[in-house]
Amino acid sequence: MKTILLIGLGRFGRHIAMKLNELNHQVMAVDKDEEKVNAVLPFVTNAQIGDSTSEEFLSALGVRNFDVCIVAIGDNFQSSLETASLLKELGAQKVVARAARDVQAKFLLRNGADEVVYPEKQMAVWTAIRYSSDHISDYIALGDDHAIFEVEVPDSWIGKTIGQLDVRKRYHVSIMAIKQNGKFAMTVITPDTCLPAHSTILVLGTQRDIQKCFHI
Ligand code: ATP
């Protein structure tokens with residue numbers, strides 16, 4: 001369980017609060033708007049109304065004690081930059097800030113943010129890849145080159161074992177798991193694992209190798 005300071009409770013911040021609650025983490029939620037704070041109360045451990053660009057207010061929250069501080073302010077870049085910078089100055093262990101443009105990501109990383117999330121860009125990439133092929137069910141980018149794709153088992157692979165297909169050597173990708181009906185059916189994959197029909201596989205590799213292997 002982690003203790004998380006979540007600042008900015010618009011739609012994005014509220015979704016983060018709901019998910020963290022589902023994952024049983026301890027969340028202190030902050031917004032300058034009372035209504036926004038009230039709306040997340042069912043999902044968080046504590047909440048405060050206040051302006052995160054005020055050093056006095058942030059300092060009183062004891063930002064050092066949180067494992068992660070998430071700045072989910074989007075439109076008001078001045079506020080998010082000041083907040084990220086103050087959090088770091090006050091000794092925050094890890095500051096994650098939301099960016100809406102490349103240039104914002106750059107400034108945030110130079111001024112207090114340890115990491116940046118970029119929802120519009122990240123979801124745009126995911127949407128483009130997910131819906132540009134009928135065979136892809138999910139996709140997770142890992143750095144610039146690598147990714148995990150969830151793809152349908154190609155027809156010519158059904159009933160064959162991973163060893164027979166010699167997937168790693170021939171295609172330079174690794175099969176990590178098999179899913180059936182949307183649920184994980186096998187997570188320990190050996191050369192003897194046989195690929196069933198009506199299933200998807202989670203494949204790790206460079207984007208180029210995966211695209212080549214599955215013609216996507
Ligand atoms: P979203 O896109 O998540 O719906 P939004 O467009 O409603 O967000 P943003 O300007 O991105 O609004 O701000 C997100 C939240 O951050 C808002 O609820 C806003 O009240 C809050 N916020 C903005 N500046 C501050 C600040 N300085 N201190 C505390 N909360 C702030």
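Which helix and which strand each supply at least two residues of the lining of the largest pocket? They are helix H6 (119-131) and strand S7 (136-142), where helices (H or I, at least four residues) and strands (E, at least two) are DSSP runs numbered from the N terminus. The model is predicted, with local features needing pLDDT of at least 70 and side-chain atom pairs counting only at pLDDT 80 or more, while totals for chains, interfaces and linings use all residues. Residues are numbered from 1 along each chain as its sequence is written, and side-chain values use heavy atoms, with hydrogens and water left out.

Pockets were defined on a 1 Å grid over the protein atoms alone, as open sets of points where a 1.4 Å probe fits, with protein on both sides within 12 Å along at least five of seven lines; lining residues have an atom within 4 Å of a point. The largest pocket holds about 640 Å³ of space, a volume being the space filled by probe spheres set on the points, which are joined across faces, edges and corners. Its lining counts 15 residues, and Tyr118, Lys121, Gln122, Met123 and Ala141 are the closest to the centre. H6 gives the largest share of this lining, with six residues. By class, the lining of the largest pocket comprises 10 nonpolar, three polar and two charged residues (Ala, Val, Leu, Ile, Met, Phe, Trp, Tyr, Cys and Pro count as nonpolar, Asp, Glu, Lys and Arg as charged, and the others, Gly among them, as polar).

The ligand, however, sits in the second largest pocket, meaning that more than half of its atoms lie within 2 Å of the grid points. This second largest pocket has a volume of about 430 Å³. Of its 21 lining residues, Gly8, Leu9, Asp31, Ile73 and Gly74 lie nearest the centre. Helix H1 (11-22) and strand S2 (26-31) are the elements that give two or more residues to this lining. The classes here are six nonpolar, seven polar and eight charged residues.

Turning to the ligand itself, 19 residues surround it, with Arg11, Asp31, Asp51, Ser52 and Gly74 the closest (a heavy atom within 4 Å is required). This shell divides into three nonpolar, eight polar and eight charged residues. Polar contacts (pairs of N or O atoms within 3.5 Å) involve oxygen atoms of the ligand: 2.6 Å to a side-chain N or O atom of Asp31, 2.7 Å to a polar backbone atom of Gly74, and 2.9 Å to a backbone N or O atom of Asp75. The protein covers 87% of the 620 Å² of accessible area that the ligand has on its own, by the Shrake-Rupley method with a 1.4 Å probe.

Terms used:
Polar contact = N/O pair within 3.5 Å; in protein donor to acceptor, adjacent residues only side chain to side chain.
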